[in-house]
Amino acid sequence: MDKENRIWQWTSHIIMIALSAACILPFILLFMASITDESAIVTHGYTLFPTAFSFEAYEYLWNQSSQIFHAYGITILVTVIGTTASLIMTSLLAYPLSRKDLPGGQTIAFIVFFTLLFNGGLVPTYLIYTQVFHLKNTLFALLIPWLLMNGFNVLLMRTFFKTTIPVAVLESAAIDGAGEFKTYFRIILPLSMPILATVGMFQALGYWNDWNNGLVFVTDPDLFSLQNVLNRIMSDIQFLTSNSRMGTTQALAQLPSETFRMAIAVIGVIPILLVYPFFQKYFVKGMTIGAVKG
Amino acid sequence: MTTITHRNKRRSLRRFIPLYIMLLPGLAYLAINNYMPLFGLSIAFKDINFRKGLWHSDWIGFQNFEYLFKTSDAWLITRNTLLYNGVFIVLGLAVAVAIAILLNEIRNKFASRLYQSVLILPFLISIILVSYLVYAMLSMDTGFLNKTVLPALGIDPVNWYNEPKYWPYILTIVHLWKGAGYSCIVFLAAIIGIDPEYYEAAKLDGASKWMQIRKITIPMITPVIIMLTLLGIGRIFYSDFGLFYQVPMNSGALFSTTNVIDTYVFRGLMQLGDVGMSSAAGFYQSLVGFVLVLVSNMVVRKINKENALF
């Protein structure tokens with residue numbers, strides 16, 4: 001390797017290592033802060049190298065854990081139901097639109113596409129879901145508004161069906177007497193695993209990370225998802241204790257507030273870090289998958 | 001004769017009934033989630049009275065808009081939204097392109113993939129968790145900056161959550177931190193797709209690496225850059241609500257530099273209960289947003305038909 005190349009290699013590595021560190025260090029800071037002794041934090045603040053360790057925050061969290069587990073349950077439930085329903089609805093809408101012979105297909109595709117250009121925004125959407133459909137403080141509020149299906153994914157899937165499933169396959173299925181639903185389940189879905197995985201993963205991430213629907217539509221703590229609990233604790237550190245079975249004053253007196261904040265954030269980050277390695281390739285694929293056309 | 005073709009047509013239409021049934025759940029959802037709110041935009045011209053209901057409240061013409069544009073807020077939130085998004089588009093693209101070029105230079109494929117994985121990580125966590133990470137950095141009494149970094153530089157601690165002047169920088173850094181690693185994937189894919197023969201020929205002519213990047217790589221990915229810029233401009237009236245609401249922790253002292261149209265609409269509706277004002281601001285956003293999407297798409301079409309959305 002000549003000198004110029006070597007310089008490029010070195011600079012590239014150095015810059016990328018610096019950027020990677022910038023991405024990772026906040027997480028490490030969060031973790032170290034969560035296992036620091038509360039009194040050490042008062043004097044030294046959150047640091048990467050704590051002077052005194054303590055698992056007090058996690059013990060405290062464990063004692064208050066019923067609400068955390070409940071919130072985890074809500075998040076998992078919403079993610080599983082939402083992602084499944086979303087994939088079914090998206091593919092059911094995308095498949096007929098991928099058929100060139102469907103009368104009115106163009107018009108319907110435009111109806112789907114138009115939702116990407118123009119939307120009503122927060123206020124009318126909020127009023128319609130609360131005043132007309134009465135979704136406030138129901139589980140549906142976490143599942144349906146905004147997240148369930150979007151035109152972009154429908155058009156993405158339509159393009160995939162159009163370009164990867166040969167018309168000949170569909171024709172021969174029709175000649176063999178397979179109905180449309182049978183074709184959809186037996187041929188379309190099995191041949192479309194890559195796009196289903198990609199869309200499903202983005203939907204799952206969307207549901208898992210969603211806090212907006214909870215913030216807008218839910219005031220009942222029993223329906224709080226993990227993100228909503230995290231959100232509440234940020235502004236109201238006493239949120240968990242006020243719902244505690246322990247006496248409130250007793251619970252408050254023991255609250256290691258600064259480390260506790262960090263510990264609960266660690267609990268929120270861990271699931272993402274655990275599943276990330278398995279899904280990474282789909283993220284990269286999802287970003288580069290075929291273009292969407294109206 | 002006509003009756004036969006008529007019957008044939010009816011029979012062939014019947015063939016499509018299962019397909020139309022498949023369309024129903026999705027179209028019903030779009031009707032509820034997208035089209036009803038679109039008609040609901042009319043509430044911006046109404047005096048909402050919940051006893052009369054959404055559709056039967058009294059029309060008041062442009063009164064809500066008059067109130068909105070009389071306040072200094074209207075100008076402030078428009079300015080903030082446009083400036084932040086403008087900066088995000090320019091810096092976001094520049095950083096993402098730079099990362100993509102460097103990643104592509106790295107010979108060691110394992111290292112390059114590892115860097116990429118790490119850089120995508122911030123994209124995966126919710127903005128709520130991002131606000132926790134930012135808090136760990138910026139907290140007045142316990143934050144990493146005030147307790148570790150600033151003392152080392154001999155600077156007095158800063159009350160970050162009360163000082164609006166720092167937030168344009170903080171929000172820009174957080175935005176880039178969260179998104180740059182992810183958006184560089186598009187450019188990396190475009191760079192990998194460039195025919196290696198260009199580089200071979202350039203090397204034979206004795207072109208330096210820097211020259212190759214300037215004269216081959218950048219021109220080859222320019223269509224992608226232009227397209228993403230125009231798409232960004234089409235969405236310049238919409239901002240990342242979480243970034244502007246959660247990361248500054250809804251701190252009132254920071255509104256002069258953190259309030260954007262989305263946060264204004266949200267606070268108006270959820271915290272102040274001022275439906276008229278926030279629906280007027282929302283209507284303003286939807287309408288200008290729609291026009292901008294159409295215009296930017298028209299420009300894309302002019303440049304390259306292939307890249308246009310429609």
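Colleague: Is helix α6 of chain A mostly covered or mostly uncovered?

Modeller: Mostly covered. This is a predicted model, and in it 8 of the 11 residues of α6(A), which runs over residues 122-132, are buried.

Colleague: Which residues of α6(A) are the buried ones?

Modeller: They are Leu122(A), Val123(A), Pro124(A), Thr125(A), Tyr126(A), Leu127(A), Ile128(A) and Tyr129(A).

Colleague: And what do those buried residues pack against?

Modeller: Within chain A, they pack against α12 (212-217). From chain B, the partners are α2 (17-40), α13 and α14.

Colleague: What follows α6(A)?

Modeller: His134(A) does, and its phi is positive, near 50 degrees.

Colleague: Back to α13 and α14 of chain B. At what angle do their axes cross?

Modeller: At roughly 155 degrees, and the axes come within 8 Å. Helix α13(B) covers residues 261-271 and α14(B) covers residues 275-303.

Colleague: Left-handed or right-handed crossing?

Modeller: Left-handed, as α13(B) passes α14(B).

Colleague: Which residues make the contact?

Modeller: From α13(B) they are Ile261(B), Tyr264(B), Val265(B), Gly268(B) and Leu269(B). On α14(B) they are Val275(B), Met277(B), Ser278(B), Ala281(B), Gly282(B) and Gln285(B).

Colleague: How does that contact divide by class?

Modeller: The contact of α13(B) with α14(B) has 7 nonpolar and 4 polar residues, with no charged ones.

Colleague: Now the contact between the chains. How many residues does each chain put in?

Modeller: Chain A gives 81 residues and chain B gives 72.

Colleague: Which helix gives the most on the chain A side?

Modeller: Helix α1(A), residues 3-34, with 16 residues on the side that touches chain B.

Colleague: What about the classes on that side of chain A?

Modeller: There are 53 nonpolar, 23 polar and 5 charged residues.

Colleague: Change of topic: chain B as a whole. How many helices and strands?

Modeller: Chain B has 14 helices and 2 strands.

Colleague: What is its radius of gyration, and what would a compact globule have?

Modeller: Chain B has 26 Å, whereas a compact globule of 310 residues would have a value near 19 Å. Along the principal axes, the C-alpha atoms of chain B fill a box of roughly 75 × 65 × 35 Å.

Colleague: What share of chain B counts as buried?

Modeller: Of its 310 residues, 39%.

Colleague: And what share of its contacts is between residues 24 or more positions apart?

Modeller: In chain B, 67% of the contacts with a separation of 6 or more.

Key. Residues numbered from 1 in each chain as written. Chains lettered and ligands numbered in written order. Predicted model: local features only at pLDDT ≥ 70, side-chain atom pairs only at ≥ 80, totals over all residues. Axes fitted to C-alpha atoms, helices over the stretch in contact; angles between N-to-C directions. Helix = DSSP H or I, 4+ residues; strand = E, 2+ residues; numbered from the N terminus. Left-handed = near helix turned anticlockwise from the far one by under 90°. Contact = placed C-beta atoms within 7 Å. Nonpolar A, V, L, I, M, F, W, Y, C, P; charged D, E, K, R; others polar. Buried ≥ 20, exposed ≤ 12 C-beta atoms within 10 Å, placed from the backbone. Rg over C-alpha atoms; globule rule 2.2 N^0.38 Å.
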